[in-house]
Amino acid sequence: MVNSRRNGSRANGNAGQGGVQAQQQKQRKRQPVKALREAAIFAKESGSASDTSHDKVTLAQARRGTPAHRPVRVYADGIFDLFHSGHARALMQAKNLFPNTQLIVGVCSDALTHKYKGYTVMTEDERYEALIHCRYVDEVIRDAPWSLSPEFLKKHWIDFVAHDDIPYTSAGSEDVYKHIKEAGMFVATQRTEGISTSDLITRIVRDYDVYVRRNLQRGYTARELNVGFINEKKYRLQQQVDKMKETVRTVEEKSKHLVHRVEEKSHDLILKWEEKSREFIGNFLELFGPDKAWHMIQERSGRVLQALSPYQTPGTSPSSSPTRERSTSPISHWPILHFRSQPTNDVSVSSSEGDEDKK
């Protein structure tokens with residue numbers, strides 16, 4: 001029993017090791033994921049050089065993620081002049097159409113573009129370089145055809161074509177993708193509203209003077225900008241006027257800031273002055289108000305002076321007597337005057353009686 005258990009555990013261990021080795025082999029067989037910092041490749045003129053078989057894939061099969069042995073090759077073409085976010089969003093949608101997508105982007109040459117659409121800002125080489133550095137692009141086809149032929153699709157093993165669903169009228173055709181739609185190989189993407197190459201050019205043309213002055217300020221010559229002598233002087237004068245306006249605006253902002261600071265300081269000073277004035281008035285009232293310290297000192301000093309003043313003589317006039325000046329009631333002085341005048345009368349009476357006796 002023990003030996004059988006040991007043999008069974010060894011068998012399970014060998015099976016586990018075999019499973020790990022199989023997983024490691026599968027991981028080794030997987031192709032390395034391309035880093036985002038690596039640029040896309042340019043397609044060969046002979047077409048796709050893949051060794052895997054290229055069977056026809058339906059739209060339903062591609063959405064399920066089959067076939068597993070190869071990616072679904074999706075083609076998107078365009079001019080891609082002044083490469084912007086609208087281009088990048090369209091390519092992102094094409095890249096994410098299926099679980100396993102290889103995105104091939106065709107870029108038309110300058111000759112075809114100037115013939116069927118118009119003059120471009122960027123050259124074809126600049127447009128090629130812009131596309132190979134887009135993170136969603138796996139392969140770039142240079143000098144792509146204006147209309148897609150079955151031979152071109154077969155040459156590059158293209159399964160589906162991605163583009164917005166708006167009919168593209170060009171080269172004498174109402175829709176250059178009509179036959180692709182009829183073959184069931186067309187997959188629609190959404191346009192990004194608000195931005196396009198034509199919109200960017202319109203902005204530059206609309207603000208032409210602004211951009212000319214900008215480039216003159218950055219060191220470009222009038223000849224490089226194809227600007228005449230008079231226009232150059234006009235633009236440079238406008239540039240000086242703009243600088244003066246900016247200087248005045250800066251001075252105004254600084255003066256407003258200074259005035260604001262002065263107002264804040266004056267407000268603080270007024271508040272402090274009000275506090276100090278209230279404090280001063282309060283101290284003054286405490287010292288000189290009724291029933292306060294100063295009033296009490298006056299009363300006490302008056303009492304001390306009254307106590308120290310001498311009594312008045314009979315010959316003193318009422319006007320010179322401080323006692324009479326202080327007294328407010330004449331009745332209070334009447335008994336004193338009566339008392340002082342009574343002895344004189346008695347003396348006169350007694351003297352008269354003595355004279356009679358003498359007589």
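Biologist: How many aromatic pairs does a search of the whole structure find?

Modeller: The model is a predicted one, and within it the search was run over the whole structure. The number of aromatic pairs found in this way is five.

Biologist: Which kind of pair do Y75 and F152 form, edge-to-face or stacked?

Modeller: The ring centres of Y75 and F152 are 5.5 Å apart, and their planes make an angle of 75 degrees. Since planes over 60 degrees apart fall into one class and those under 30 degrees into another, the pair of Y75 and F152 is edge-to-face.

Biologist: How many residues apart in sequence are the parts that this pair ties together?

Modeller: Y75 belongs to strand β2, which covers residues 72-78, whereas F152 belongs to helix α6, which covers residues 150-155. Y75 counts as buried, with 0% relative accessibility, and F152 is likewise buried, with a relative accessible area of 10%. The pair therefore ties together parts whose separation in sequence is 77 residues.

Biologist: Why is the pair of Y177 and F186 called tilted?

Modeller: The centres of the two rings, those of Y177 and F186, lie 6.0 Å apart, and both residues are buried.

Biologist: Which residue lies over the face of F186?

Modeller: F186, which is buried, has a charge over its ring if NZ of Lys or CZ of Arg is within 6 Å of the ring centre and within 35 degrees of the ring normal. At 5.0 Å from the ring centre, the residue lying over the face of F186 is K181.

Note on methods: Residues are numbered from 1 along each chain as its sequence is written. This is a predicted model: local features need pLDDT of at least 70, side-chain atom pairs count only at pLDDT 80 or more; totals for chains, interfaces and linings use all residues. Side-chain values use heavy atoms; hydrogens and water are left out. Rings of Phe, Tyr and Trp (its six-membered ring) pair if their centres lie within 6.5 Å; planes under 30 degrees apart count as stacked, over 60 as edge-to-face and the rest as tilted. Helices (H or I, at least four residues) and strands (E, at least two) are DSSP runs, numbered from the N terminus. Buried means under 20% relative accessible area, exposed over 50%, partly exposed in between (1.4 Å probe, protein chains only).
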